[in-house]
Amino acid sequence: MTRNARTPDLTIGGNTVKSTTIRLTSIAAVSVAIVAASGVSGAAASAASATTAPILAPYYTQLDVTGDDRVTAEDLAVAAAAIGITETSSEWASLSILDTDADGELTISDLTDLSHRIIYDDGPFELVEASVLDMQAAMNAGVETSVSITQEYLDRIAAYDRVTVAGASRPLNSVITVNDTALDAAAAADAVRASQGMTTMLLGVPIALKDNYDTVDMVTTGGCGCWNENQTDTDAAMVEGLRADGAVIIAKTSLDEFAYGFVSEFSSFQAPGSTLLVASPYDTSRTAGGSSGGTGAAISANLAAIGFGTDTGGSIRVPSSYNQLVGIRPTVGLASRDGIIPLALSQDTGGPMARSVLDAAVALDAVVGVDDADPVTARQTGRVPESYTEYLDPAALAGARIGYFGSMVGSDPGTVRLFGQATAALAAQGATVVEVTPPQGLAAVLGEGSGSTNEFLHDLNGYIATHLGADVEPRTLSDILATGNYVTSRQSVYVARNNVTEETYQGWAGPSGSHTIQLAAGKDLVTQLMDDLDLDALIYPSTNAYGTQGTNMRLSPNTGMPAVTVPMGQTAQGETAPGSGVNLEFLGRDFDEGMLLGLAYSFEQATHARTSPSLFGPLG
C-alpha cells in the first residue's frame, strides 16, 4: 500500500526542492540534519544503529553509495550535493547508480526517487492490509507506536473474532488466547526504537502463533481442552528468535486439535464434548482450512501483522490458499521444532503465514538457525543467507526456468483457468515455463502417507517428557482419552494412535524405516529431475477453491523440500465457490527458500492477486 507524506520547500545541496508529495521509504530513518530541514522531529526519526541493514531487498540497498547496505540520510546528502552533475563529470562513475531515470544527469527527480527508499512515512496510517514496511515507516515517523498498533489489533480481535459480524453466518473463532502482556512488550519495543532506532524489521510488530508453539506468557493447548493448563517454562526455539528481533507476541491462534486435519476444529476452553470450528473470513459458512486455520483466518482478517503455523502434510499451505495468504513450508531442518507440540517429526516444520511475500521473508529471517535440541537443523550450516529479503527482486523471474506436471493441475475449471493465467504471468516476467513428464517413481512420492498415525504417540511422548507444563494432569495419550475433554469425534483416531507400538514406529520412522527410506528416495528423485532439466522450481496449484487438489500437498512433505505458496487469483461466476482464492505453489531444492521467495515475490508484484475480506474492514 502507498501513502504520501507532504514535505515543505527545503534547500539541500544548494538546491531548492519544491513542495511535492512523495512517499518516503528507506532502511534508516532520516538524519537529524535533513529531518530538521524538512520540519520533522529528530526524535521521531532517530536513525537505526544496527550494523546489518534490517532489510536487504534490492530496492532498499541498490542505491547505497556510502557502503552500509542501506539508503540513509548520508546517501541523500551525497546525492543532494551532486545535483547537476552529468555523465561527463569526473564523479559520475561512483554516482551514476543514482541516475534512476537514466537521463545522464543527477536531478531532483533522482533525489526524490532516492528518498523513496527510506522507511519513514508521516502520512495517514491504515492498519488493514498494512505491511511490516508500512508499520515500520509509521513508527519511525512517530505517527504510530508499537503500543498503538498492538492496541488496534487487540481491538480488532475483540470486535471481530468471537462475534458474528454483519453479513457473516458465524464467528471466525481464530484466536484461542490473547496475550495480556502484549502491550508491555510493545512498550519495550518502543523504548528500543527511541534509543536505538529501527533495529530489525520485526521491532514492535505484533505476531500471532498457532497454539502448538510454546510461550512463557501464554498456555499452549494444542487445540485440546485437555491441556488448558499447559503453561510451559520456556518458549519454543522459533519464538525465542521472534522475541530476540523485538516482535510482540499478541495471541495464540486456533488449530485443528493436535494439528490433525484440515477443518480446524478445537476443544480448548470449551466444555468437555463441545468444540468450535474456525471460519473463513471471506465466507464464514466455509472452513478456513487447517490445521493452521486460526492463523490463516486471523492474518487474512487483519487481527495481527504476521502469523506462524506448522505443516506436516499441508497445514500451512492449505489455510494460506483458502485465506489468500503467502505461506512458507521451509526445508525440514531450517527452523527448529523444539518447543512445538509435534504431529510427526519426520515431516513437521514451522513457518510464517503473511499477507505479502516480503512480510513472510522478514519473519523467516527471525526463526532460522541451528539448535542442538533439534539435531536435523545441523543440515543448514552454511546454507542460510544473511537475509531472505535480499532475494526480493521484482525481476527475479527473468531467466528462471520453471516446470510443472500436468496431472497436478487437475480438472477443476477455476483452478485450471487460474493456473493458466499464472503461467502466462510468469512467462510475461521472463520465465520459461515447461510441462514436465513425471518421472518413474513420482506416484510413490505423492502416494506416501503422512507420519501422523505411526509417529504421533512416540513424538508426543517426547514433548511431554521435555516441555509439558508441570500443572498438566493428563500426561499420556491414555490420560487424554480418559478426560473426555477433546474433540470426541476423533476418539477412534486417538485410540488407534495410542496402540502404535515402538516396533511399528521404528519400522516406519526409524533409521531404516519404510517411511524414512521413501522420503529420502523422494528427495533424490525430485532433486535429480530438477537438476536434469535445469529447473529452478516446480509449480502447481496448492488447492482448489475450499478443497484439496489431488495429492499436491504431499510433494513438499514427502521430499522434505521447501515450498512457498502465494495467491494467484479468485474463482469466477460459474466456477467452484465464486470469489474464492486459489494459490500457486513453488517448490525448490533443499534450503533454496531464497530462490523460491524471489520467484514468488516477482509473481506477486506482477499480479497483486490477494484481496482483503470485506466483512472485516477498518473498525469504526
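Guide: A disulfide is here a pair of cysteine sulfur atoms within 2.5 Å. Before we apply this, note that the model is predicted: local features need pLDDT of at least 70, side-chain atom pairs count only at pLDDT 80 or more, and totals for chains, interfaces and linings use all residues. Residues are numbered from 1 along each chain as its sequence is written, and side-chain values use heavy atoms, with hydrogens and water left out.

Visitor: How many disulfides does the structure hold?

Guide: In general, a disulfide is a covalent bond between the sulfur atoms of two cysteines. The structure holds one, formed by Cys 224 and Cys 226 with their sulfur atoms 2.4 Å apart. The angle about the S-S bond is 130 degrees, and the link of Cys 224 and Cys 226 is right-handed.

Visitor: Are Cys 224 and Cys 226 buried or exposed?

Guide: The terms rest on relative accessible area: buried means under 20%, exposed over 50%, and partly exposed in between (1.4 Å probe, protein chains only). Cys 224 and Cys 226 are both buried.

Visitor: Which residues of the largest nonpolar core touch the most other members?

Guide: A nonpolar core is a set of buried Ala, Val, Leu, Ile, Met, Phe, Trp, Tyr and Cys residues joined through side-chain atoms within 4.5 Å. The largest one has 104 residues, and Leu 242, Phe 308, Leu 584, Phe 586 and Phe 603 touch the most other members. Its largest share, nine residues, comes from helix H12 (residues 357-367).

Visitor: How are the helices and strands assigned and numbered?

Guide: They are DSSP runs numbered from the N terminus: helices are H or I with at least four residues, and strands are E with at least two.

Visitor: Where is the place of Thr 389, and which residues is Thr 389 in contact with?

Guide: Contact means heavy atoms within 4.5 Å. Thr 389 is in the loop between H12 and S13, and it counts as buried because its relative accessible area is 0%. Beyond its neighbours within four places in sequence, Thr 389 is in contact with Ile 55, Leu 56, Ala 57, Pro 58, Ala 361, Val 362 and Asp 365.

Visitor: Which side chains does a polar contact of 2.6 Å join?

Guide: A polar contact is a pair of N or O atoms within 3.5 Å; within protein, one must be able to donate a hydrogen and the other to accept it, and residues adjacent in sequence count only if both atoms are side-chain atoms. The contact in question joins the side chains of Thr 389 and Ser 387.

Visitor: Where is the place of Phe 405?

Guide: Phe 405 is in the loop between strand S13 (401-404) and helix H13 (413-428). Its relative accessibility is 3%, so Phe 405 counts as buried. Not counting residues up to four places away in sequence, Phe 405 touches Val 436, Thr 437, Pro 438, Pro 439, Leu 442, Leu 529 and Leu 538.

Visitor: How many aromatic pairs does the structure hold?

Guide: A pair of aromatic rings is described by the distance of the centres and the angle of the planes. Here, rings of Phe, Tyr and Trp (its six-membered ring) pair if their centres lie within 6.5 Å; planes under 30 degrees apart count as stacked, over 60 as edge-to-face and the rest as tilted. The structure holds eleven such pairs. One of them, Tyr 59 and Tyr 60, is edge-to-face, at 4.9 Å centre to centre with 80 degrees between the planes. Tyr 59 counts as partly exposed because its relative accessibility is 31%, whereas Tyr 60, at 8%, counts as buried. Elsewhere, ring pairs link Trp 227, Phe 258, Phe 456, Tyr 463, Tyr 486 and Tyr 494 into a cluster.

Visitor: Which residue lies over the face of Tyr 59?

Guide: A charge sits over a ring if NZ of Lys or CZ of Arg is within 6 Å of the ring centre and within 35 degrees of the ring normal. Arg 117 lies over the face of Tyr 59, at 4.0 Å from the ring centre. In the ring cluster, Phe 456 has the charged end of Arg 497 over its ring, 5.0 Å from the centre.
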